[in-house]
Amino acid sequence: MVIVDRRANPQGKSLPNRQRFLDRAREQIKKAVADAVADRRVSDLDSGAGVKVTAGSTEEPSFRHTGEGDHDYVLPGPGTLNRGDEIEKPLGGEGEGGSRASKGGGGEDAFEFVLTHEEFLKYFLDELQLPHLLRTSTAQMDLSRPRRAGVTIHGQPSALDVRRTMRNSLARRIALGRPDRGAMEALQTEVDDAIDAGDEGREAAAREALALALRRSARIPFVDPVDVRYARHERQPQPATEAVMFCLMDVSGSMTEHMKDLAKRFFMLLHLFLKRKYERVEVVFIRHTDNAAEVDEETFFRSRETGGTVVSSALRTMAEVQQARFPAERFNIYVAQASDGDNYTPDREQVASLMRGRILPFVRYFAYVETGGSRAVGRHADRVMETELWSTYTALAAAEGARNLAMRRLTEVRDVWTVLADLFAKTNRVAA
Amino acid sequence: MDLLFDGAEWDFRTLDAIYRACEEIAVGEFGLQPYPTQIELITSEQMLDAYSSNGLPLIYSHWSFGKHFARDEALYRRGYQGLAYEIVINSSPCIAYIMEENTATLQALVIAHACFGHNHFFRNNYLFRQWTDAEGILDYLAYAKSFVMQCEERYGIAAVERILDAAHALQNQGIHRYPKRKWRLADEEKRARERWEHEEASYNPLMRTLPDTAPAAQPPAAREVEEREAKARLRLPEENLLYFCEKHSPRLRGWERELVRIVRVLAQYFYPQRQTKVANEGCATFCHYEIMTRLHEQGRIPDGALLEFLHSHSSVITQPDLTSRHFSGWNPYALGFAIMRDIQRACLEPDDEDYEWFPAFAGNGDPWGTLRDVWANYRDEGLIRQFLGPKVMRRFRMVQLADRAAEPAYVVEEIHDEPGYRRIASLLADQYEPASLAPLIEVADVDLFGSRKAKLTHESRHGVRLDARAAQKTLRHLQILWGYEVCLQEREAESDRLITEYVPS
């Protein structure tokens with residue numbers, strides 16, 4: 001008998017199969033993830049989630065019987081039954097019928113399991129990308145990676161390519177006829193044999209051959225400098241896709257708590273998405289009431305403020321920051337704006353001219369999300385009154401034919417994900 | 001004698017001592033003949049891994065194993081489902097997985113149950129001897145895994161999954177019920193390699209450019225003869241659908257045939273297990289019970305351990321009755337153990353009833369010899385038909401319920417009394433008849449020279465029908481393997497009337 005301790009073996013032997021299963025159940029998982037996002041508090045958005053998977057793409061059908069037809073069952077009884085007694089169908093606990101259904105392996109239709117944190121984010125953010133992301137500059141040469149590029153005869157000892165060196169050495173030794181160890185030993189044996197045999201003529205010949213071989217082997221080195229090769233590395237410039245995302249949030253008094261929650265969730269998801277998928281995207285947070293300020297992440301998401309509404313202040317701040325720090329020729333510029341759509345009416349012209357002159361020409365994509373109150377729910381969702389900002393932007397989009405201006409309305413927490421996914425879908429559809 | 005252990009703690013030396021003590025009893029006193037054993041100690045995580053692959057130590061990659069893992073893991077984490085104490089693999093050496101969480105008593109129980117009970121059964125039962133190749137299975141699994149991986153590299157995961165999904169759907173219909181020849185799994189890899197090489201060597205792209213010979217050009221009589229001969233080669237009807245596709249599908253490529261074969265070989269490997277649940281578990285439970293009591297008699301396990309053992313043992317052999325909330329059909333451990341105990345009793349202390357029921361062995365004084373013979377030569381159906389005695393029927397208060405489709409309620413037709421015994425034993429045996437475990441579906445006809453449509457039949461007895469939706473979906477998988485149209489006719493066995501025809505959906 002042998003006892004083998006397998007506890008130290010690598011765990012998670014089933015992980016690759018789990019991954020394949022998840023890929024297979026992708027559609028269902030995505031839906032479950034979107035539901036999970038709506039149910040959570042803003043701060044747990046990036047933890048794992050339970051997912052319920054029903055049959056469908058992960059069904060395993062097989063030929064099996066239904067419970068219909070005539071059957072005879074022999075079962076353990078309670079001891080009180082007699083011939084002719086009747087028991088209502090179905091039996092307690094489904095009896096035979098239940099066990100038959102699961103026999104074929106097709107009975108287990110729905111079950112629930114938990115996605116890990118990583119899996120959750122993967123499915124969550126998988127479908128998103130920044131639209132129109134272009135390679136803006138190759139000037140920044142620190143963005144380069146070493147790459148193998150053949151071999152060279154000069155180099156550092158650490159880069160020695162041993163295999164190639166030895167191959168060259170072997171080829172040279174064969175070509176120049178350097179006697180190898182076997183040949184030397186054979187010559188030596190021949191000398192010994194000749195001595196043993198007492199044949200002097202043969203001994204002399206053998207000794208001469210051995211001496212010649214020794215000279216040859218001393219003359220032709222085992223490894224010669226001409227054999228040596230080093231691995232060559234080249235620094236290859238990486239395309240620099242530098243991008244900046246401006247997050248503009250209205251925190252004025254007209255925004256209800258519900259609207260602010262919607263806006264925050266939206267930016268939270270957007271931020272999560274950028275952080276996960278793009279290493280080099282800078283995010284600038286700007287919030288505004290009747291005046292705007294660039295703030296840090298913490299302030300943007302946590303602190304409260306209130307006041308009137310002048311949207312142009314935010315746009316102006318954004319344009320200033322952009323000009324100062326993020327030149328359009330180097331950066332892909334993105335803007336996401338969330339507001340309830342109210343604006344100080346005389347500000348309208350300002351907004352339009354800022355957008356026209358200083359923003360839309362430079363940005364790759366401008367996503368505007370209008371957070372509405374519950375008044376816009378249900379049947380009247382599409383008949384909601386056009387807000388000040390919405391009509392301004394609609395006019396802009398129509399006049400400019402601005403393909404980079406997208407607008408969505410957001411009224412319910414459960415739609416946050418849909419709206420974001422819609423705005424940043426891989427097949428970037430821009431608002432009509 | 002000295003105690004093997006005291007308390008719950010154990011180490012490798014304890015396991016070794018337990019194994020030796022059990023071996024002394026099982027082999028020395030009881031005359032069991034197990035394969036050599038390899039005990040593998042694993043964690044609960046690894047136990048879950050093993051679950052998802054039917055307990056096999058390694059298996060090819062497929063999403064369905066991931067699905068089973070996700071489900072088992074979720075059930076386990078929520079506490080709906082406990083983990084088995086052990087998993088044992090029919091291989092030589094016999095591999096028994098035991099969990100590190102078990103107490104010393106449980107390890108002793110598991111060793112007695114798996115390493116001697118199941119192991120003896122695997123080595124001696126005729127079904128396992130006939131159908132499985134214990135020496136070859138581990139190598140075969142390794143070969144199957146690497147073959148699937150190679151195919152995935154060469155042809156892509158999706159192409160491989162398409163075939164495996166289809167073959168999995170048909171694996172219950174991928175079994176030879178009557179032996180043709182003994183499997184030698186070690187030859188499988190060689191055979192596959194030869195098939196592959198032959199195909200590559202004989203590939204000739206020019207052949208593809210030849211125009212098809214028009215069948216109409218032949219005289220009709222010659223064509224008929226040819227068709228008859230071709231059909232005879234198919235050996236219809238064929239109930240092993242996977243075998244049929246593997247051998248005769250016009251569309252499958254060599255590697256695809258091999259994938260189908262792998263699934264078929266593994267389905268066949270599990271076939272004896274499905275037919276011997278009661279006998280196998282009965283054997284193992286009886287062995288662990290006898291070995292543990294014997295260990296206690298010898299003073300090698302403390303009283304506390306005996307109590308702990310009896311507690312686990314009695315929960316293993318619980319059989320709730322049909323009125324109970326916990327009822328979910330027969331517990332093979334309970335039924336098997338009761339039958340084995342009854343045989344033992346009839347050998348040692350027979351009464352008149354036993355002489356009447358078991359004249360062959362009642363009072364022969366050799367319970368172990370009798371049981372070894374039972375374990376070697378019977379599957380569940382035969383075990384119940386021949387060895388289910390009136391005492392066991394009374395012990396479980398067995399009743400026979402008639403479930404007639406037309407009636408609104410089940411009717412009790414027989415109970416555990418003198419006039420009822422025979423019918424109850426015979427009907428319970430029918431319940432374990434392999435034919436009733438999976439629907440019997442046959443390839444009845446193939447239109448070889450026309451549309452190549454394959455016609456399948458299912459005989460419906462006593463109004464038992466196929467699940468229509470599942471049948472349609474499964475047929476779609478069959479169509480993938482066959483490559484041409486398929487249909488399935490369900491006929492009433494009693495009248496040969498066509499009930500319905502299923503097509504893939």
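**Reading the sheet, the contact and a helix**

Tutor: Strand 2 of chain B and strand 3 (residues 94-99) of chain B pair in the antiparallel sense over four bridges. Helices (H or I, at least four residues) and strands (E, at least two) are DSSP runs, numbered from the N terminus, and two strands pair if DSSP finds at least two bridges between them. Within that pairing, B:Val88 sits opposite B:Ala96 of strand 3.

Student: Before we go on, what kind of model is this, and how are things numbered?

Tutor: It's a predicted model: local features need pLDDT of at least 70, side-chain atom pairs count only at pLDDT 80 or more, and totals for chains, interfaces and linings use all residues. Residues are numbered from 1 along each chain as its sequence is written, while chains are lettered from A and ligands numbered from 1 in the order in which they are written.

Student: In what order do the four strands of the open sheet run?

Tutor: The order is 1(A)-1(B)-3(B)-2(B), with mixed pairing. Strand 1 of chain A and strand 2 (86-89) of chain B are at the edges with a single partner strand each, so each has one side without a neighbour in the sheet.

Student: How do strand 1 of chain A and strand 1 of chain B pair?

Tutor: Strand 1 (residues 2-5) of chain A and strand 1 (residues 37-42) of chain B pair in the parallel sense, over four bridges. There, A:Val2 stands opposite B:Gln38.

Student: How many residues does each chain bring to the contact?

Tutor: Chain B brings 75 residues and chain A brings 60 residues; two residues are in contact if their C-beta atoms, placed from the backbone, lie within 7 Å. On the chain B side, helix 3 (residues 63-77) gives the most, ten residues.

Student: Now a single helix. Which residues of helix 6 of chain B are buried?

Tutor: The general idea is that an α-helix has 3.6 residues a turn, so residues three or four places apart point the same way. A residue is buried if 20 or more other C-beta atoms lie within 10 Å of its own, exposed if 12 or fewer, and partly exposed in between, with C-beta atoms placed from the backbone. In helix 6 of chain B, the buried ones are B:Ile137, B:Tyr140, B:Leu141, B:Tyr143, B:Ala144, B:Phe147, B:Val148 and B:Cys151. They cover an arc of only 160° around the axis (taken from the directions from the helix axis to the C-beta atoms), which puts them on the same side of the helix. The face turned away from that buried side carries exposed B:Ser146 and B:Glu153.
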